[in-house]
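Dear colleague,

Please find below the structure that I am handing over to you. My notes on what was found in it follow, and I would ask you to read them with the model open.

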Amino acid sequence: MGFDLQFGWTGTVSEVVLGRTRAEGGTRSVSYRIGGGTTLPFLDTDRPSPSPLIAFECCDNPRIWSTIVRDYCGDLVNDPAEWAKTAETVYGADMVRLNLTSTKERNFSDVAALKKTVESVLSATTLPLIIEGSNEPKIDSEVFLACGEAGQGERLLLGTAEASRYRSIAAAALAYDHSVIAQSPIDINLAKQLNILLREIGVARDHIIIDPYTGALGYGFEYSFSAMERIRFSALKGDADLAMPMCCAPADSLTIKEVRDAPADARDEMAVQWEVYTSIAAAVAGAEIICVRHPRSVGVLKEAFAGLKSHSHSRTAEVR
Amino acid sequence: MRTVTFLPSYRKIEVARGSTILDAAQRAGMNINVVCGGQGKCGKCIVYVQVGKTEFDRQKYLQFFTEEELARGACLACETTIQGDLQVVIPESTLIQEQKILIEGKETEIEFRPAVKKYYVTLQPPTLTDPSPDLTRLLWGIQKSGGPVAEKIYVPLEVMREIPALLRHSDWKVSGTIALVPGGYRLIDLQENDTSKRIYGAAVDLGSTTVVAYLWDLVTGKVAGVASNYNKQISCGEDILARVNFARKNGLSKLQSLATDSINAALTSASNTAGIDREDIYEVVVAGNTVMTHMLLGIDPAYIIAEPYVPVVQRALSVAAARIGIAANRNCGLFVFPAVSDFIGGDIIADILACGMGERQEISLLIDIGTNFEVVLGNNEWMFSCAGAAGPALEGGEVLFGMRANPGAIEKVTIDPFTLNPTWGTINNIKPRGITGSGLIDTLAELISACVIDRTGRINTGIDNPRVRKGAHFPEFVVAWARETDIGKDIVITENDIKNLIMSKASIHAACVTLMKEAGVTRHDITTIYFAGAFGNYLNKKNATIIGMIPETDIDRIKNIGNGAVTGANIALINRRERKVLDAIAGKIAYIELNAEPSFMDDYTSSTFLPHTDLSLFPMVQALLESCRLRKGSG
């Protein structure tokens with residue numbers, strides 16, 4: 001006996017396009033159309049759910065980046081273009097998320113350099129890009145416009161809009177036809193409010209990805225999971241203002257006590273495991289994009305997602 | 001000791017070194033505006049020290065001062081300690097001013113059946129053939145004049161002692177006052193000659209901020225005088241919590257006498273207006289919140305504010321007014337409305353009596369907004385209630401230019417969506433000094449309609465208009481330019497003010513939603529929404545709906561009952577039978593503790609949006625705002 005997996009849901013998660021191929025007017029080798037789900041992921045249903053996309057996170061200034069990742073990647077961390085290329089060719093990521101950490105330096109003003117960085121990463125990798133801009137109100141307008149312009153035609157995913165600052169990122173997304181990550185602090189109502197705010201200044205629903213904020217497993221992820229569940233249930237029940245794909249970045253898992261206190265020879269493994277398990281939990285909660293920072297996490301997750309899918313398929317076969 | 005002289009009145013007071021200027025001012029009888037109870041949180045008690053040595057950490061409170069005020073050496077009275085002899089200027093804006101108070105009750109046709117009645121009797125003197133005792137003779141006379149059966153009238157000893165001399169001195173012509181108290185009939189007063197036309201009763205709303213008294217002629221059934229004044233307990237703390245804490249520190253007797261003083265002041269001025277003697281007031285009916293009535297009766301309120309929040313008494317009480325110092329006839333009775341819980345007090349029971357929601361099958365929602373808010377949902381069979389802190393924003397606290405409903409307060413605002421020029425009306429039509437709660441609600445509704453703020457209340461600083469500006473600490477919108485005001489500075493509403501207002505309206509709306517869920521009703525099931533409280537009468541119903549303070553309904557189904565507490569007290573005073581249902585109403589109301597409701601925080605967060613995160617709950621507002629946005633877009 002199987003479970004009745006018909007819940008009477010009528011809603012569909014809206015579809016969002018990431019990246020543009022040459023045929024579509026961009027230069028990416030691939031573009032993704034994510035979302036479209038009508039039920040929860042990894043269930044025994046006729047329509048198998050696609051695996052979440054795995055984005056590898058790199059940055060343009062590694063000073064504040066995890067030492068574990070820096071040690072693992074070596075000199076690559078000083079060359080965002082080369083690093084992004086490696087993510088595609090060696091790590092096997094589906095996307096690259098470029099964090100413009102240089103903007104966090106005090107008195108940062110070199111917006112022209114940012115534009116160059118974005119351009120060099122775009123030419124080094126053929127994968128669709130997520131660009132994480134500044135969160136400094138004084139410069140974010142300029143930063144987002146520069147990134148948006150550099151990636152014109154590539155349908156970037158720009159991050160991160162919050163309720164307290166969403167106008168400049170939305171302006172860049174609207175001007176250059178990019179999508180936006182909308183982050184709210186683990187709360188379904190605040191997530192919905194931000195989506196409405198974005199919609200009201202002109203960002204279409206199919207250009208928004210929800211980031212519910214991802215705590216590390218054991219460090220608040222249960223709240224994230226519950227918020228994600230509620231968001232997805234609302235979407236499936238027909239709330240269009242919550243029916244966006246979700247993006248999770250369990251970056252916090254690299255800095256937790258268990259990783260910091262692990263013996264030197266086990267630290268790397270501990271970091272990968274924690275990042276992977278948090279990511280799997282996020283995928284089960286419904287995330288369509290998972291952003292990881294440890295290169296090894298990419299491969300482990302690919303395997304895990306394939307396993308989840310094949311498992312659900314085989315179960316389906318048994319039931320029949 | 002240090003001498004402090006307050007200017008411009010030149011009032012002097014001696015205080016110990018190290019006292020605060022606020023202490024000294026209160027002792028000198030200056031009514032300083034202390035919204036936060038003197039904790040350095042509201043920034044309303046600005047004074048200027050002209051001469052003398054003080055200690056004040058100005059850096060810590062910079063946010064409360066304008067450049068100009070800083071240049072003149074402004075400090076906060078509550079946070080400034082006195083070191084030497086001082087001369088202190090108290091600007092007018094720092095003093096509590098005469099308040100506009102609702103005195104119109106609801107026009108209700110109520111049967112006139114007061115609990116006290118005076119009978120003029122002419123008795124036959126006793127003779128050897130008719131030697132019945134004085135008391136029998138008197139009571140029989142009263143019975144014959146239409147009073148209650150003689151044997152059923154209880155006569156207290158102090159009245160009994162006066163009977164023989166009074167009867168003989170008056171040549172057997174006396175007026176006796178009979179009161180119907182819970183124990184039965186009682187002869188509470190005896191006077192020489194015919195004074196039967198001189199019998200009055202008072203209905204009092206004892207609010208934590210204001211006291212309103214209606215004086216009724218209990219012969220004609222007409223209002224003889226009305227008066228109101230501040231609750232003098234304000235000097236012991238602005239909010240209820242501060243006052244209960246004051247009571248805990250051996251302050252109960254002071255609070256008790258201040259409550260009585262406040263009522264007496266109102267009775268005195270109403271009596272003076274009516275030209276009557278307070279001695280002719282034979283009954284006082286008081287409706288007040290639970291803490292207020294506890295304090296008035298000198299009952300320790302300390303346990304009400306701590307878990308598990310238990311009042312000492314819930315039922316209606318009848319006591320001798322003189323025992324708590326009410327200045328009326330020495331045998332005047334006092335009837336105090338029953339309470340439900342810590343936060344649902346006699347004032348709410350009075351609201352329910354006033355709006356009549358407890359008599360009808362149709363479901364009503366009652367919202368009383370004052371220092372706190374209370375919500376009651378129900379009909380003649382069931383009722384749910386809850387209460388919460390509306391936050392001081394709606395009463396002018398925690399809002400930069402917020403003020404109470406005093407003269408000069410902007411109480412109505414409209415804003416042209418294109419020029420963004422506001423049109424406002426102030427209380428008494430004088431130049432504006434600040435904005436009061438109803439004006440703040442109007443401003444918020446108009447700003448969202450004009451697309452100046454987004455649905456979270458954030459000001460779009462990208463708008464090119466001199467009224468929209470970045471501000472010193474927060475983005476702000478200029479409601480009145482300095483030259484138009486009475487205070488010489490721009491009156492603005494800041495993003496932070498808006499945030500506080502949204503928190504206030506969200507808690508009220510979430511409270512309504514919590515009760516509706518508890519009762520299993522939707523907004524469509526609610527026939528009437530009643531607004532009570534001084535605030536309610538000036539409230540723009542449409543704007544209250546636009547900002548999502550109340551569930552959306554047809555505007556004509558929203559009714560302002562104004563000061564329902566005093567209306568309810570009036571009803572209970574002039575018809576004693578109405579009192580009988582009060583304990584039953586109080587007993588019927590289920591109290592929902594919002595803090596204990598798991599869904600409350602969720603409902604609150606979803607209400608922190610204009611009008612609400614779930615726009616389908618506000619279809620009319622949503623359509624209105626959409627059309628405003630479209631009009632702006634095309635214009």
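The pLDDT is the predictor's confidence in each residue, on a scale from 0 to 100. It applies here because this is a predicted model.

**Confidence in chain A**

Chain A has an average pLDDT of 92, and 95% of the residues score at least 70. Among the elements of this chain, strand S8 (residues 208-211) of chain A has the highest mean pLDDT, 98, while helix H10 (residues 295-319) of chain A has the lowest, 73. Please treat one stretch with care: the pLDDT is below 50 over residues 313-320 of chain A. Beyond near neighbours in sequence, that stretch has 5 contacts in the model.

**Where the two chains meet**

In the contact between the chains, 10 residues of chain A meet 9 residues of chain B. On the chain B side, 5 of the residues are polar, 3 are charged and 1 is nonpolar.

**Domains of chain B**

The domain assignment divides chain B into domain 1 (2-94), domain 2 (116-192), domain 3 (200-336), domain 4 (347-388 + 507-589) and domain 5 (393-500). The C-alpha centres of domain 2 and domain 3 of chain B are 31 Å apart. Their contact involves 7 residues from domain 2 of chain B and 8 residues from domain 3 of chain B. On the domain 2 side, strands S10 (173-181) and S11 (184-192) of chain B are the elements that give two or more residues; S10(B) gives the most, with 3 residues. This side divides into 5 nonpolar residues, 1 polar and 1 charged.

**A sheet in chain B**

S10(B) and S11(B) also belong to an open sheet of 4 strands with mixed pairing, in the order S8-S10-S11-S9 (chain B). Strands S8 (116-122) and S9 (153-154) of chain B are at the edges and have a single partner strand each, so one side of each has no neighbour in the sheet. S10(B) and S11(B) run antiparallel and are joined by 8 bridges; Ile178(B), for example, has Leu187(B) in S11(B) as its bridge partner. Helix H4 (residues 157-169) of chain B packs on this sheet, where H4 touches S10 and S11 of chain B.

**Two packed helices**

How do helices H7 (residues 346-355) and H11 (residues 564-574) of chain B pack, and at what angle? Their axes are 7 Å apart, at an angle of about 70°, which means that H7(B) is roughly perpendicular to H11(B). Residues in this contact include Ile349(B) and Leu353(B) from H7(B), and Ala565(B) and Ile571(B) from H11(B). The contact comprises 9 nonpolar, 3 polar and 2 charged residues.

Yours sincerely

Technical notes:
Residues numbered from 1 in each chain as written. Chains lettered and ligands numbered in written order. Predicted model: local features only at pLDDT ≥ 70, side-chain atom pairs only at ≥ 80, totals over all residues. Contact = placed C-beta atoms within 7 Å. Nonpolar A, V, L, I, M, F, W, Y, C, P; charged D, E, K, R; others polar. Axes fitted to C-alpha atoms, helices over the stretch in contact; angles between N-to-C directions. Parallel < 35°, antiparallel > 145°, perpendicular 65-115°, else oblique. Domains from an automatic or database assignment. Pairing = 2+ DSSP bridges.
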